[in-house]
Amino acid sequence: MDTTRRGLLIGGAALAPTLVAAETLPPPAIRAHLGVTENPYGPSPAARRAAAGALEKTPYYAWSLEPPLVEAIARREGVSPDMVGLCNGSLEALSLLSTHFSKTGPIVAPQPTYATPLTYAERQGAKLDWIPVTGDHQIDLPALAARARGAGCVYVCNPNNPTGLLMDPDALRAFCMAASKQAPVIVDEAYVEISPDPVRHSMIDLVKAGHDVVVARTFSKVYGMAGLRVGFIIARPERVRQLKSLIPTHKGRPGLAAALACYGDATYLAGAKAYLEGCRETIYAICKANGLGYLPSFGTYVFVDTGKPNLAFQKTLATMGVEVRVFDSARHPTWIRVGTASPAELEVFAQVLPRALAV
Ligand SMILES: Cc1ncc(COP(=O)(O)O)c(C=O)c1O
């Protein structure tokens with residue numbers, strides 16, 4: 001006999017509501033979503049208008065909106081349109097390409113990093129070759145380069161997530177040029193728009209020079225459009241063709257329209273950057289007030305050393321309504337990643353943190 005049914009019969013009417021109540025007890029309400037890396041500043045006014053306008057035409061697929069966006073990106077980045085590949089958020093391109101490349105060898109990547117596309121590849125059978133960051137939390141480029149021969153691809157993220165650290169652009173350039181002779185190098189530039197000099201920090205110039213480097217960008221972070229799912233790669237035409245052959249579905253009309261309306265909008269980007277920098281400063285101040293170390297970040301998040309085992313501390317914060325992320329990294333057993341979030345959420349964090357540290 002099924003236990004639920006037996007329980008009901010044996011326990012009688014009084015037992016049933018108790019069981020139901022225990023099973024459906026809601027988790028503690030999260031009041032501060034600091035586990036995310038989105039930009040609550042949100043899309044530019046032009047992007048909002050374009051997305052809203054696109055709803056009129058949502059009965060129809062949006063193929064016709066792809067070429068204008070590809071051309072706008074190509075023009076702005078100084079590449080030919082066949083070097084631009086659109087995707088449903090950069091995660092799609094990162095996942096599909098790294099999985100595809102992994103057929104010829106392992107994926108070499110730093111740890112910690114944005115592992116989501118790589119663990120996707122692992123679920124499809126890829127082997128991952130994690131290279132720990134150095135003692136000063138930097139991606140260990142010489143160690144990655146030493147593993148590039150025989151690799152399926154090499155993945156780096158700049159600025160890295162979760163550390164928020166940018167690599168020295170000259171060192172990264174030299175690394176990409178050397179490593180891409182052995183295997184394709186994927187450079188994830190999800191947050192590059194808020195770096196001090198986006199052009200110098202981007203590896204797009206290497207793609208233009210013909211190197212086998214795949215630069216991934218997104219409208220999800222600084223452009224504030226994570227829910228609209230638009231990203232792109234800049235890469236050699238054969239890599240773009242590979243991506244197109246791997247993507248099974250079309251893109252959404254509101255996202256394409258919004259992306260076209262805001263790409264390269266300098267006024268909007270300056271506002272978003274100022275907002276995100278302000279949020280980072282708030283997190284630094286909260287850390288200092290609580291005597292916690294942190295890494296100065298170039299992303300939409302700050303990596304913080306709580307001094308406490310991070311998984312347990314994450315749970316403690318969750319019971320107090322604050323959500324943060326922890327990462328697999330032998331070097332960082334006490335570190336959490338705190339997203340820039342909104343000022344109201346950071347205020348909750350400021351109130352809760354001293355209590356959580358006292359547990
Ligand atoms: C470093 C990095 N790359 C890529 C992504 C994927 O973003 P999307 O698929 O929304 O473009 C994220 C999202 O968190 C990220 O942190």
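**Overall architecture, sheet and nonpolar core**

The chain comprises 14 helices and 12 strands in this predicted model. Its radius of gyration is 22 Å, close to the 21 Å that the globule rule gives for 359 residues, so the chain is as compact as a globular protein of that length. The C-alpha trace spans about 70 × 55 × 45 Å along its principal axes. Of the 359 residues in the chain, 49% are buried. Contacts between residues at least 6 apart in sequence were also examined by their separation: 74% of them join residues at least 24 apart.

An open sheet is formed by three strands, in the order S9-S10-S12, with antiparallel pairing. Strand S9 (293-294) and strand S12 (335-339) are the edge strands, each pairing on one side only. Between strand S10 (residues 301-305) and S12, the antiparallel pairing extends over five bridges. Within this part of the sheet, Tyr301 is placed opposite Gly339 of S12.

The largest nonpolar core contains 110 residues, among which Val154, Val215, Ile233 and Ala258 touch the most other members. Both domain 1 (22-42 + 267-358) and domain 2 (45-264) contribute to this core, with at least three residues drawn from each. The surroundings of Val154 illustrate the contacts made by one of these residues. When residues up to four places away in sequence are not counted, Val154 touches Val108, Leu144 and Ala148, together with Ala179, Ala183 and Val185.

Definitions and conventions: Residues numbered from 1 in each chain as written. Predicted model: local features only at pLDDT ≥ 70, side-chain atom pairs only at ≥ 80, totals over all residues. Helix = DSSP H or I, 4+ residues; strand = E, 2+ residues; numbered from the N terminus. Rg over C-alpha atoms; globule rule 2.2 N^0.38 Å. Buried ≥ 20, exposed ≤ 12 C-beta atoms within 10 Å, placed from the backbone. Contact = placed C-beta atoms within 7 Å. Pairing = 2+ DSSP bridges. Core = buried A, V, L, I, M, F, W, Y, C linked by C-beta atoms within 7 Å. Domains from an automatic or database assignment.
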